[in-house]
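Here is a short briefing on one protein structure. Read it with the sequence and the 3D view side by side.

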Amino acid sequence: MGDLEIRAAVAADIPAIVGMLADDPLGARRESPDDLAPYLDALERLSSDPNQHLVVAVREGRVVGTLQLTVVPGLSRRGATRSIIEGVRIHADERGSGLGTRFIEWAIDESRRQGCQLVQLTSDKSRTDAHRFYERLGFTASHTGFKLEI
């Protein structure tokens, strides 16, 4: 599978990240690879927040995956800190290679390192393959999620 580096995303990674975000039916409707300005602004905000970790997986100099890990201090569960994994994308050429598993395992290990007691994520109802993937990694579909676009 070759060497894999997981590191913080930088501005030069944004075209590849946005390309992966847009590379499915859901992302194609909501992402704008032709206008990177809002993504670069978001990267600046994320990079200045110590609880936000936008990372990329790089193999042979090429960005092949991305995810965002957010650390959320809380009061519930006896003051537990949790992490939220979002925006997980693996380049189409790498799907089925084990990269997704390694990437999520990295996020879980980083969550432990950050003192989290719980790791959570959401996945669109239409992503049934992703649901099976997360269940294989030990995640349970224990809650119903809601969103409100504003």
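Buried means under 20% relative accessible area. Keep that cut-off in mind for strand β2 (residues 52-59): eight of its eight residues are buried, so β2 is largely enclosed by the rest of the structure. The model is predicted. The points below start with the strands, then turn to a helix, the salt bridges and the aromatic rings.

- In β2, Gln52, Leu54, Val56 and Val58 point one way. His53, Val55, Ala57 and Arg59 point the other way. Both sets are buried.
- Strand β1 (residues 5-8) runs antiparallel to β2, and four bridges join them. Alanine 8 has valine 55 in β2 as its bridge partner.
- β2 also pairs with β3 in the antiparallel sense, over eight bridges. Here alanine 57 has glycine 65 in β3 as its bridge partner.
- β2 and β3 form a hairpin, with two residues between them. Glutamate 60 sits in the turn and has a positive phi of about 50°.

**Glutamine 68 in strand β3**

- Glutamine 68 belongs to strand β3 (residues 62-72).
- Is glutamine 68 buried or exposed? Its relative accessible area is 18%, which is under the 20% cut-off, so glutamine 68 is buried.
- The side chain of glutamine 68 makes a polar contact with the side chain of threonine 70, at 3.3 Å.
- Leave aside the neighbours within four places in sequence. Glutamine 68 is then in contact with Leu46, Gln52, His53, Leu54, Ile84, Ile85 and Glu86.

- Helix α3 covers residues 37-47, and Tyr39, Leu43 and Leu46 in it are buried.
- Why do they count as being on the same side of α3? They cover an arc of only 65° around the axis, which puts them on the same side.
- Glu44 and Arg45 are on the other side of α3, and they are exposed.
- The buried residues of α3 pack against α1 (14-21), β2 and β3.

**Salt bridges**

- How many salt bridges does a search of the whole structure find? The search finds nine.
- One of them joins arginine 95 to aspartate 23, with the closest N and O atoms 3.7 Å apart. Arginine 95 lies in the loop between β4 (82-90) and α5 (99-113). Aspartate 23 lies in the loop between α1 and α2 (25-30). The two parts are 72 residues apart in sequence, so the pair ties them together.
- Arginine 95 has 47% relative accessibility and counts as partly exposed. Aspartate 23, at 40%, also counts as partly exposed.
- Another salt bridge joins arginine 127 to aspartate 24, with the closest N and O atoms 2.7 Å apart. This pair links distant parts of the chain, 103 residues apart. Arginine 127 is in the loop between β5 (118-121) and α6 (128-136), and aspartate 24 is in the loop between α1 and α2.
- Arginine 127 is partly exposed, with a relative accessible area of 21%. Aspartate 24 has a relative accessible area of 16% and is buried.
- Arginine 132 forms a salt bridge with aspartate 129, with the closest N and O atoms 2.1 Å apart. Both residues lie in helix α6. They are three residues apart, about one turn of the helix.
- Arginine 132 is partly exposed, with a relative accessible area of 44%. Aspartate 129, at 55% relative accessibility, counts as exposed.
- Some salt bridges share partners: they join Asp24, Arg89 and Arg127 into one network.

**Aromatic rings**

- A pair of aromatic rings is described by the distance of the centres and the angle of the planes.
- The structure holds two aromatic pairs. In one of them, tyrosine 134 pairs with phenylalanine 139. Their centres are 5.9 Å apart, with 75° between the planes. Angles over 60 degrees count as edge-to-face, so this pair is edge-to-face.
- Tyrosine 134 and phenylalanine 139 are both buried.
- Phe133, Tyr134 and Phe139 form one aromatic cluster.

Note on methods
Residues are numbered from 1 along each chain as its sequence is written. This is a predicted model: local features need pLDDT of at least 70, side-chain atom pairs count only at pLDDT 80 or more; totals for chains, interfaces and linings use all residues. Side-chain values use heavy atoms; hydrogens and water are left out. Rings of Phe, Tyr and Trp (its six-membered ring) pair if their centres lie within 6.5 Å; planes under 30 degrees apart count as stacked, over 60 as edge-to-face and the rest as tilted. Buried means under 20% relative accessible area, exposed over 50%, partly exposed in between (1.4 Å probe, protein chains only). A polar contact is a pair of N or O atoms within 3.5 Å; within protein, one must be able to donate a hydrogen and the other to accept it, and residues adjacent in sequence count only if both atoms are side-chain atoms. Contact means heavy atoms within 4.5 Å. Two strands pair if DSSP finds at least two bridges between them. The arc is that of the directions from the helix axis to the C-beta atoms. A salt bridge is a side-chain nitrogen of Lys or Arg within 4 Å of a carboxyl oxygen of Asp or Glu.
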